[in-house]
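These are my notebook entries on one protein chain.

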Amino acid sequence: MVKMEKNKRKNIKMIWSRINKDRKKYSMPGLVMAIYLLLGILLPGGACPVYRITGFPCPGCGMTRAAVLFLHGSWEQSFHMHPLLIGVILLVLTFCVLRYLLGKEVTNLKYFVFALAAVAVVVYIYRMITMFPNEEPMIYNKNAFIYRIYQSVIVLVCCIIHL
């Protein structure tokens with residue numbers, strides 16, 4: 001029983017050492033991501049720079065809302081908001097089990113990431129055809145930077161024409 005307890009402690013220490021190693025290794029990208037998300041929360045218009053600049057939803061549009069809905073138990077709404085959340089969850093869980101619990105170097109997951117990215121493009125095209133521009137999350141942003149420039153140019157052209 002005592003030996004079993006020591007093995008559990010040893011395993012937990014190994015898991016935490018792997019997590020700390022990765023935390024130190026990826027602290028700068030993590031900080032950049034945290035700042036990006038914080039700005040997305042604090043600034044109006046959502047976190048996605050593609051959406052904020054172009055007005056068009058990106059392939060990941062709705063993923064955060066899908067995750068929140070998923071965590072609240074609204075699985076059908078979550079799937080509607082972004083159907084690939086399940087793939088992302090599976091990817092993250094697989095990575096965590098392989099890397100932290102089993103202590104393996106995770107290199108073969110890149111094929112799953114590429115496959116998920118390819119499916120994301122197909123899903124994006126489908127959602128743009130069936131949902132854009134009137135259904136969440138595929139709504140056009142009329143407060144986008146490019147759209148506002150376009151409106152300003154139209155106003156300027158109209159003013160010049162009427163002079």
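**Entry: Glu 5**

I looked up Glu 5 and found a relative accessible area of 36%. Buried means under 20% and exposed means over 50%, so I put Glu 5 down as partly exposed. The model is predicted, and I read the value with that in mind. Glu 5 sits in helix α1.

I then took two C-alpha distances from this residue. To Lys 142 the separation is 60 Å in space and 137 residues in sequence.

**Entry: Asp 22**

Is Asp 22 buried or exposed? I noted a relative accessible area of 9% for Asp 22, and the cut-off for buried is under 20%, so Asp 22 is buried. Asp 22 belongs to helix α1, which covers residues 2-25. Which residues does Asp 22 touch, leaving out those up to four places away in sequence? I found Phe 95, Arg 99 and Tyr 100. Helix α6 spans residues 85-101, and I turn to its packing below.

**Entry: Ile 12**

Ile 12 is another residue I looked up in helix α1. Its relative accessibility is 48%, so Ile 12 counts as partly exposed. I also checked Ile 12 against Leu 116, which is 104 residues away along the chain. Their C-alpha atoms are 31 Å apart.

**Entry: α6 against α7**

Two packed helices are described by the angle between their axes and the distance between the axes. I looked up both values for this pair. Helix α6 and helix α7 (residues 109-130) pack at about 170°, and their axes are 11 Å apart. An angle over 145 degrees counts as roughly antiparallel, and α6 and α7 are therefore roughly antiparallel to each other.

Next I listed the residues that make this contact. From α6 they are Gly 87, Val 88, Leu 91, Thr 94 and Phe 95. From α7 they are Leu 109, Phe 112, Val 113 and Leu 116. Sorted by class, the contact of α6 with α7 has 7 nonpolar and 2 polar residues, with no charged ones.

**Entry: α4 against α6**

I looked up helix α4 (residues 63-71) next. Its axis and that of α6 come within 10 Å, and they cross at roughly 75°. The range for roughly perpendicular is 65 to 115 degrees, so α4 is roughly perpendicular to α6. Which residues meet here? On the α4 side I have Met 63, Ala 66, Ala 67 and Phe 70. On the α6 side I have Leu 85, Ile 86, Val 88 and Ile 89. The class count for the contact of α4 with α6 is 8 nonpolar, no polar and no charged.

**Entry: cis peptide bonds**

I noted a cis peptide bond between Phe 132 and Pro 133, with omega about 0°. Pro 133 lies in the loop between α7 and α8 (145-161). I noted another cis peptide bond between Glu 136 and Pro 137, again with omega about 0°. Pro 137 is placed in the loop between α7 and α8 as well.

**Entry: the whole chain**

How many helices and strands does the protein chain have? I recorded 8 helices and 0 strands. For overall dimensions I took the C-alpha box along the principal axes, which is roughly 90 × 30 × 30 Å. The radius of gyration is 22 Å, whereas a compact globule of 163 residues would have one near 15 Å.

Buried residues are 20% of the 163 residues. The accessible surface comes to about 12,400 Å², and carbon and sulfur atoms account for 72% of it. Among contacts with a separation of 6 or more, 50% are between residues 24 or more positions apart.

Conventions:
Residues are numbered from 1 along each chain as its sequence is written. This is a predicted model: local features need pLDDT of at least 70, side-chain atom pairs count only at pLDDT 80 or more; totals for chains, interfaces and linings use all residues. Side-chain values use heavy atoms; hydrogens and water are left out. Axes are lines fitted to C-alpha atoms, for helices over the stretch in contact, and angles run from 0 to 180 degrees between N-to-C directions. Helices (H or I, at least four residues) and strands (E, at least two) are DSSP runs, numbered from the N terminus. Angles under 35 degrees count as roughly parallel, over 145 as roughly antiparallel, 65 to 115 as roughly perpendicular and the rest as oblique. Contact means heavy atoms within 4.5 Å. Ala, Val, Leu, Ile, Met, Phe, Trp, Tyr, Cys and Pro count as nonpolar, Asp, Glu, Lys and Arg as charged, and the others, Gly among them, as polar. Buried means under 20% relative accessible area, exposed over 50%, partly exposed in between (1.4 Å probe, protein chains only). The radius of gyration is taken over C-alpha atoms; the globule rule is 2.2 Å times the number of residues to the power 0.38. Accessible areas come from the Shrake-Rupley method with a 1.4 Å probe; for residues, only the protein chains shown count as cover.
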